[in-house]
Amino acid sequence: MAVAITGCAHHNRHAKAEIAPSQVTTIGVNAYLWRASLETLSFMPLLQTDSNGGVIVTDWYTNPRQPGERVKVTVSILDQDLRADAVRVAASRQVSQNGQWVDAPVAAATVQKLEDIILTKARDLRRGTIKG
């Protein structure tokens with residue numbers, strides 16, 4: 001019986017080595033989601049990053065093609081597993097009116113699109129680890 005258990009343990013270790021884990025916790029949160037979030041927001045100035053708590057906060061970003069509008073994004077990674085519900089994006093938007101920045105609504109599709117981009121990148125990073 002001990003031989004059979006030892007043989008299974010060896011087999012399981014080997015199987016795990018072939019598949020990149022969906023749970024990567026070296027930095028406190030899922031590393032694939034963390035890296036994907038940073039890559040997705042790399043065009044925006046970062047205000048705060050906390051890899052243990054899983055929070056990324058950008059500063060205001062103004063698209064050069066739309067100088068009268070600016071956005072700020074917060075990404076929260078909520079789990080150590082690579083799952084669709086493990087990432088949450090919140091965004092704030094302001095528009096310039098008479099020289100003042102005024103809060104404006106953010107389209108729900110914008111937030112959903114950012115979450116989708118992050119999840120897709122995270123899955124691609126994980127796939128690259130499996131093949132690598």
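Predicted model: local features only at pLDDT ≥ 70, side-chain atom pairs only at ≥ 80, totals over all residues.
## A loop residue to start from

At 47% relative accessibility, Ala84 counts as partly exposed, a label used between 20% and 50% relative accessible area, with buried meaning under 20% and exposed over 50% (1.4 Å probe, protein chains only). Ala84 is found in the loop between β3 and β4. Leaving aside residues up to four places away in sequence, Ala84 touches Leu119 and Arg123, where a contact means heavy atoms within 4.5 Å.

Residues are numbered from 1 along each chain as its sequence is written, and side-chain values use heavy atoms, with hydrogens and water left out.

## The overall fold

The protein has 3 helices and 5 strands, arranged along the sequence as α-α-β-β-β-β-β-α. These elements are DSSP runs numbered from the N terminus: helices are H or I with at least four residues, and strands are E with at least two. Of the 132 residues, 26% count as buried. Among contacts between residues at least 6 apart in sequence, 46% join residues at least 24 apart.

## The nonpolar core

Which residues touch the most other members of the largest nonpolar core? They are Leu33, Val73, Val75, Val89 and Ile118, out of 21 residues in this core. Such a core is a set of buried Ala, Val, Leu, Ile, Met, Phe, Trp, Tyr and Cys residues joined through side-chain atoms within 4.5 Å. At least two core residues come from each of α2 (31-40), β3 (69-77), β4 (87-97) and α3 (108-131), and α3 gives the largest share, 6 residues.

Beyond residues up to four places away in sequence, the contacts of Val73 include Leu41, Ile56, Val89 and Leu114.

Phe43 and Tyr61 form an edge-to-face aromatic pair, 5.0 Å centre to centre with 85° between the planes; ring centres must lie within 6.5 Å, and planes under 30 degrees apart count as stacked, over 60 as edge-to-face and the rest as tilted. Phe43 lies in the loop between α2 and β1 (46-50) and Tyr61 in the loop between β2 (55-58) and β3, so the pair ties together parts 18 residues apart in sequence. Phe43 is partly exposed at 48% relative accessibility, as is Tyr61 at 22%.

Notes. Phe/Tyr/Trp six-rings, centres within 6.5 Å; stacked < 30°, edge-to-face > 60°.
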